[in-house]
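Good morning, and thank you for making time.

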Amino acid sequence: MTRFTPAGLSGVSAHGLRKAFAAQLAEQESSTSEIRALSGWGNLKQVVTCTKLARRQKLAENMVS
């Protein structure tokens with residue numbers, strides 16, 4: 001049993017939740033430094049890795065609009 005089981009979240013990891021949170025912030029156009037501060041990562045490389053897809057999707061949406 002993980003910490004997430006009582007909340008009804010099976011198959012979820014802390015890393016997965018943090019990555020999803022970072023992606024959501026990237027979609028809202030938060031800066032890399034803001035995402036790093038809110039998510040607790042020690043370096044910007046991890047933030048860039050976890051937000052790359054969300055940023056690409058947002059860029060594509062902005063190009064079409």
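Let me begin with terms: helices (H or I, at least four residues) and strands (E, at least two) are DSSP runs, numbered from the N terminus. The expected span of a helix is 1.5 Å times one less than its number of residues. This is a predicted model, in which local features need pLDDT of at least 70 and side-chain atom pairs count only at pLDDT 80 or more, while totals for chains, interfaces and linings use all residues. Residues are numbered from 1 along each chain as its sequence is written, and side-chain values use heavy atoms, with hydrogens and water left out.

Consider helix α1 first. It comprises 14 residues, 14–27, and at 1.5 Å a residue it should span 20 Å; the C-alpha atoms at its ends are 20 Å apart, which agrees. Viewed down the axis of α1, the buried residues fall within an arc of 160 degrees, so they line one face of the helix. The arc is taken over the directions from the helix axis to the C-beta atoms. Buried here means under 20% relative accessible area, exposed means over 50%, and partly exposed lies in between, with a 1.4 Å probe and protein chains only.

Which residues of α1 are buried? They are A22, A23, L25 and A26.

A nonpolar core is a set of buried Ala, Val, Leu, Ile, Met, Phe, Trp, Tyr and Cys residues joined through side-chain atoms within 4.5 Å. The largest one has nine residues: A22, A23, L25, A26, I35, W41, V47, C50 and A54. Two or more residues come from each of α1 and α3, and α1 gives the largest share, four residues.

Next, T51, which lies in helix α3. With a relative accessibility of 2%, T51 counts as buried. Contact means heavy atoms within 4.5 Å; apart from its neighbours within four places in sequence, T51 is in contact with A22, A23, A26 and I35. The T51 side chain also reaches the backbone oxygen of V47 at 2.7 Å. For reference, a polar contact is a pair of N or O atoms within 3.5 Å; within protein, one must be able to donate a hydrogen and the other to accept it, and residues adjacent in sequence count only if both atoms are side-chain atoms.

I turn now to the loop between α1 and α2, where E29 is found. E29 has a phi near 65 degrees, a positive value in a residue other than glycine. By way of context, most residues other than glycine have a negative phi.

How many salt bridges does a search of the whole structure find? It finds one, a salt bridge being a side-chain nitrogen of Lys or Arg within 4 Å of a carboxyl oxygen of Asp or Glu. The side chains of K58 and E29 form a salt bridge, at 4.0 Å from N to O. This pair links distant parts of the chain, 29 residues apart, with K58 in helix α3 and E29 in the loop between α1 and α2. K58 counts as partly exposed, at 22% relative accessibility.

S30 is also placed in the loop between α1 and α2. Is S30 buried or exposed? At 14% relative accessibility, S30 counts as buried.

L53 lies in helix α3 and is exposed, with a relative accessible area of 57%. R3 lies in the segment before α1 and is exposed at 79%.
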